[in-house]
Amino acid sequence: MSSDSDAFVVSPMRDNWYQASSYYSSSFALITTVNEDGLTSIGPYQLSFPFEVIQRRSWMVVSRPGSNTHTNVSRTKKCALNFVEYNKDQIETVLKFGYPGQEPAEKMAYNTFDLIDSPTAGRESNDIFPKIIKEAYQVYECTLDVDRINENPILRDSVSAHLLLNIDNILLKERWYKNLEGGGTTMPEVPLTYGFRGASKFWFGERAEPYALPIPDLGPQHEVVHYEANRLDDEVRFTEDACKQLTGIPKAFLTQALQSIIGVAKQQGVSTIDLEFVQKLNAERSD
Ligand SMILES: Cc1cc2nc3c(=O)[nH]c(=O)nc-3n(C[C@H](O)[C@H](O)[C@H](O)COP(=O)(O)O)c2cc1C
């Protein structure tokens, strides 16, 4: 059904407007936290997205205040964001997890996910660190940034709980790690949710087969170089000005060329590749 020729009408602003006044679909995280009895609990959160992506790695969760997740993470400061692939049977468990007012022990009685200790040293489950979901294709291990929440009136004074989470570790299943490092030829089967509808239903969706389109070649852009350059190594950073010098490299050779520059920087103990570094390198290479 196409709505191309329909007129736009104004939808009234309601609380939880993203689902009560409009359509917003995305995936969700299953957040594990530890309660006061030392029990790991699982809460599904759709309002959960990357927040700071350059230099700092953080995540934002918008929760109703007083959820187990909000209460637990406020006490322990630690949580894990578990991302699972689509599995029709387990979606029903996810839906049940989303019903408010259940104690973690009640949720664990019908839980169909396997909970395991984190493989991260020092993050084995205890009164602070939660277990993680074995079936997850990836897990972000996080710490609540209480200081920055309290410094920021929008986060501090909101009627929702805005959980600013610093990402301590990104864990990928080996298969997905290799896929990513190899350029990403396939994608996890990410489940979708469309949220609560009509007072009686919660909508989910199966993802369609993902496909890749080549990035349009709109000429060499330093932003593209900058993005690629700062993705390659977690110790060496390129400045924008340095990348402006590198726009002439054909796309097919870009990654290789950037890696070789990173190699030289590392040999010299340089962690920021700036304009001067690139100019010096170019001068040496043209000698
Ligand atoms: C798929 C799904 C996504 C949800 N997303 C959110 C959300 O983003 N924010 C929120 O406050 N509640 C959300 N809910 C409802 C919470 O899961 C619900 O408040 C639940 O009680 C949270 O669990 P917890 O108390 O163990 O943290 C969602 C529910 C489902 C099923």
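What share of the 287 residues in the protein chain is made up of buried residues?

## The chain as a whole

In this predicted model, buried residues account for 22% of the 287 residues in the protein chain. The chain contains 11 helices and 13 strands, and its C-alpha atoms fill a box of roughly 70 × 60 × 40 Å when the box is taken along the principal axes.

Contacts can also be viewed by how far apart the partners lie in sequence. Of the contacts in the protein chain between residues at least 6 apart in sequence, 61% join residues that are at least 24 apart.

## The seven-stranded sheet

Seven strands form an open sheet with antiparallel pairing, and their order across the sheet is β2-β1-β5-β8-β9-β4-β3. The edges are taken by β2 (40-45) and β3 (48-50), and because each of these has a single partner strand, one side of each is left without a neighbour in the sheet. From one strand to the next, the twist averages 30°.

At the edge formed by β3, this strand pairs with β4 (residues 58-63) in the antiparallel sense, over three bridges. Within this part of the sheet, P50 has W59, a residue of β4, as its bridge partner.

## A helix across the sheet

Helix α2, which spans residues 68-76, lies across β1 (29-34), β2, β4, β5 (78-83), β8 (138-144) and β9 (161-172).

Conventions. Residues are numbered from 1 along each chain as its sequence is written. This is a predicted model: local features need pLDDT of at least 70, side-chain atom pairs count only at pLDDT 80 or more; totals for chains, interfaces and linings use all residues. Two strands pair if DSSP finds at least two bridges between them. Helices (H or I, at least four residues) and strands (E, at least two) are DSSP runs, numbered from the N terminus. Axes are lines fitted to C-alpha atoms, for helices over the stretch in contact, and angles run from 0 to 180 degrees between N-to-C directions. Two residues are in contact if their C-beta atoms, placed from the backbone, lie within 7 Å. A residue is buried if 20 or more other C-beta atoms lie within 10 Å of its own, exposed if 12 or fewer, and partly exposed in between; C-beta atoms are placed from the backbone.
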